[in-house]
Amino acid sequence: MKLKLKLPNPGLDERIPSHAELEKLELEEAGERPQWDNKAQYMLTCVGFCVGLGNVWRFPYLCQSHGGGAFMIPFLILLVLEGIPLLHLEFAIGQRLRKGSVGVWRSINPYLVGVGIASMLVSFMVGMYYNTIIAWVLWYFFNSFQDPLPWSQCPVNENRTGFVSECEDSSPVDYFWYRKTLNTTPVIEDSGGLQWWIVLCLFCAWTLLWVCCLRGIETTGKAVYVTSTLPYLVLTIFLIRGLTLKGSVSGIKFLFTPDLDELLNPSTWLDAGAQVFYSFSLAFGGLISFSSYNSVHNNCEQDAVIISIINGLTSIYAAIVIYSIIGFRATERFDDCLNGNILTLMNTFDLPEGNITESSYDGFLQHLNSTVPAVFQDLQLKTCDMQTFLSQGVEGTGLAFIVFTEAITKMPISPLWSVLFFIMLFCLGLSTMFGSVEGVVVPLQDLNILPKRWPKEVYTGLVCLVSFGLAIIFAQGSGEYWLALFDGFAGSIPLLIIAFCEMMAVAYIYGIDRFNDDIKFMIGHKPNFFWQATWRLVSPLIVLLIFLFYFVTTVSKELTYIAWDPQSENFPTLETKSYPDWIYAIIFILSGVPALVIPAVALYKLIRNRCCAKEEKHKAAEQLYSISDKIQIPDELDRASRSLH
Amino acid sequence: MLAGVLLLIFLPPLVAKDLCKDSQDGFKVRLSIKTGLGDDAYEWNESEMFLFRSTLAYAMRKHSNQDTYTIDNILVCNDTQRVSFVFVVTSTDDPDQLIPKEQVELAVRQNKHRINNAFLLSDMTLEFMGIPPTLSAPIIYDTEPWLIVFGVVIGAVAVGIVALLMSTVSKKRRAKEKAAGLSEEDEGIVKENGTALSSLGRKEGVYNQAFSNDDRFTKL
């Protein structure tokens with residue numbers, strides 16, 4: 001083929017096991033490295049890691065806001081060009097080099113250890129805030145075991161003459177979320193103290209995670225049988241429930257109504273690319289780890305395609321379910337609005353009931369406008385627009401904790417639906433956390449920071465404990481603002497950089513020829529032209545474009561956040577406020593440190609090699625006369641003899 | 001003479017109407033029967049009005065602890081198709097004097113529940129303009145339900161952690177004994193009455209030839 005660019009990489013063969021050694025490992029079933037009990041566990045774990053909360057509350061919003069059915073086109077194209085190649089790359093390299101993320105990059109080239117460390121840092125920070133969302137889900141889950149649900153009605157004030165004013169102005173679901181759950185402060189600088197109920201839920205979330213991750217994949221492999229399959233069951237139940245409710249079809253229609261003009265908008269393509277990238281949980285290091293526990297001849301190409309398809313289909317399925325429920329809620333709101341207006345009209349003009357129906361409403365309005373326009377103006381009827389209700393605040397935590405919970409209160413037997421919904425969100429989040437913990441624990445073990453003889457339980461326990469301790473910042477009054485900050489900066493830019501470095505490392509430092517041979521050895525055939533083109537050119541280009549777009553937009557605009565401020569003029573609309581200056585330091589730590597670790601570690605290793613190179617030359621000259629230099633003891637024999645003692 | 005008699009007959013209702021229409025002490029009432037009851041809605045007629053006046057008289061009786069209030073003390077006017085009207089309450093001692101607004105309000109608030117039930121309506125569908133409904137007291141739990149569920153989950157998690165840790169510890173102990181048992185075999189000494197721990201290391205055990213299980217040869 002054409003001239004393949006490959007950077008010099010001396011000593012690669014010493015660092016990685018050869019094909020012969022891999023075959024031997026396969027036959028001996030080396031007991032040190034954990035293994036999957038069966039293929040199903042592996043697939044379910046990967047599906048669980050990829051399918052997360054984003055599939056439920058980010059994709060449907062993107063779909064609806066970027067031209068409905070038309071959004072499928074950029075999404076599917078980028079799934080094929082960006083998602084599947086990257087997934088296959090991570091699976092293959094993990095399966096071949098049989099190490100976690102730090103081990104893999106160290107094997108390829110010691111200067112690349114920074115990539116593994118960056119993955120570990122990002123996994124740690126994302127895990128911290130992601131589990132806080134799970135803590136919130138748990139809070140709602142615990143509160144679902146009562147009838148009526150606490151967010152279905154406003155609490156009454158002291159003298160029982162009316163409702164609490166904050167709740168009266170907004171809505172019971174808003175009040176329960178912002179006041180009873182988060183107890184938000186108006187600004188991020190205002191800490192508001194620790195909310196003890198959130199601390200309890202956080203503790204519960206982290207201990208639950210620890211019990212599932214206690215022994216690594218031994219325990220998570222069993223847990224995923226439930227956490228990866230239950231969401232699909234609940235989604236199906238909600239689909240059936242949703243389709244029997246009034247107005248659900250209008251929601252689905254709203255979701256999928258294609259607006260092909262959106263395809264000309266570049267931000268549609270960029271959002272689709274970003275969604276595919278983040279949805280696949282790439283560059284966290286977890287997928288590389290999971291894949292390294294497979295047998296050497298596992299068909300990773302097939303796995304990558306299957307998991308990508310499952311992920312894409314789950315997003316679409318979840319979008320249908322979510323929007324059927326949103327359609328129901330919008331219809332209910334519309335009916336309430338209309339009936340409220342009809343009541344006002346009846347009360348003002350003392351008309352008998354049933355005189356104005358929903359169908360005769362418009363005709364009646366026109367009649368009124370022509371006969372008594374003055375009175376009509378004074379009435380201040382609310383505008384009831386179905387489209388507004390359908391497009392209200394439907395992404396992220398707003399979807400789960402405000403819009404969906406409101407829809408649930410309008411269904412019969414609300415506590416049941418609430419319990420089911422929050423169990424589903426919990427399972428979706430927990431299975432993603434398994435990959436996150438894996439992405440932190442395995443690099444920690446590889447880096448040899450802590451004593452090696454400590455059992456896995458201590459490693460996982462330590463990671464959970466430290467994360468819980470740091471996640472206390474999210475249990476403050478201003479916790480939600482901190483979480484939004486982490487969500488925006490800890491997970492976005494560093495991941496793109498890491499993914500780009502991964503692709504460059506495998507294609508040009510490890511060598512695409514060697515990689516092709518490895519895949520041929522593992523699955524039996526060489527990867528075809530599609531994989532070559534995407535790994536070497538198309539996928540890195542897409543990731544680079546997305547990164548540049550994000551970087552430029554973030555740096556150029558003033559950074560703001562939306563706050564719940566009961567004192568603001570536009571209450572209950574959320575107020576946009578700008579961050580204080582010291583936030584920029586925090587943002588730098590979140591985004592900059594993982595990204596800068598990559599060159600920093602390379603530089604550190606370079607300096608260490610240069611200054612220690614001279615000393616090593618002296619030592620090498622002294623040891624020429626010892627026997628051990630002349631006889632090379634192969635690695636596995638060494639390992640085997642060690643395990644016998 | 002006749003004029004005088006006629007005046008006497010028609011004066012009270014006229015005066016009554018004036019008392020009701022112009023007064024500051026009246027309350028407007030609005031009923032939304034069809035909204036509240038749907039298909040089971042009843043027709044609003046004179047009998048229903050009679051019931052309303054009697055329930056109000058009852059409310060006044062209960063509030064003032066005087067058994068002298070009758071249906072004639074409740075005057076109604078401004079009837080509309082909406083089913084809304086204004087009422088006033090006259091004093092038992094003097095038919096021309098009205099009970100002040102505050103007293104009536106208190107009487108209605110105390111007995112709203114009974115008035116609602118008489119008409120199968122609720123605070124939303126039977127409105128007294130100017131008298132805000134007393135909202136039901138919030139349900140106070142002894143233990144919040146969420147704490148109970150939290151306790152159950154944490155308990156299950158604690159049991160899980162302890163069970164898993166114990167199984168790890170016992171697995172390690174068994175592995176250590178297995179290793180100890182193997183190293184004893186290397187020395188070539190097999191203890192018959194050896195300690196239980198070391199014999200666990202070997203799965204097969206010791207074959208005792210004194211007792212043999214040769215059933216296949218003893219069949220007749």
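Which residue is the bridge partner of Leu31(B) in S4(B)? I looked it up, and the partner is Leu126(B).

**Ground rules.** I am working with a predicted model, where local features need pLDDT of at least 70 and side-chain atom pairs count only at pLDDT 80 or more, while totals for chains, interfaces and linings use all residues. Residues are numbered from 1 along each chain as its sequence is written, chains are lettered from A and ligands numbered from 1 in the order in which they are written, and side-chain values use heavy atoms, with hydrogens and water left out.

**Strand S1 of chain B.** Of its 5 residues, 4 are buried (under 20% relative accessible area with a 1.4 Å probe, protein chains only). S1(B) runs antiparallel to S4(B), residues 126-128, with 3 bridges (strands pair if DSSP finds at least two bridges between them). I also found S3(B), residues 84-89, antiparallel to S1(B) and joined to it by 4 bridges. There, Phe27(B) faces Phe87(B).

**Interface of chains A and B.** Next I turned to the contact, to which chain A brings 34 residues and chain B 37 residues (contact means heavy atoms within 4.5 Å). About 3000 Å² is buried between the two chains, 66% of it on carbon and sulfur atoms (the accessible area, 1.4 Å probe, lost on putting the two parts together, summed over both). I noted that Phe142(A), Arg160(A) and Glu353(A) supply 24% of the area chain A buries here, more than any other three residues.

I then checked the charged pairs: the rule finds 1 salt bridge across the interface (a side-chain nitrogen of Lys or Arg within 4 Å of a carboxyl oxygen of Asp or Glu). Lys171(B) and Glu218(A) meet in a salt bridge at 3.5 Å, N to O.

Which elements of chain A give two or more residues to this side? I listed H8 (113-142), H11 (196-213), H12 (217-227) and H17 (300-349). H11(A) gives the most, with 9 residues.

**Ser539(A).** Last, I picked a residue in H26(A), which spans 529-556. Is Ser539(A) buried or exposed? Ser539(A) counts as buried because its relative accessible area is 0%. Leaving aside residues up to four places away in sequence, I see Ser539(A) touching Leu81(A), Glu82(A), Pro85(A), Met503(A) and Thr534(A).

Notes. Buried means under 20% relative accessible area, exposed over 50%, partly exposed in between (1.4 Å probe, protein chains only).
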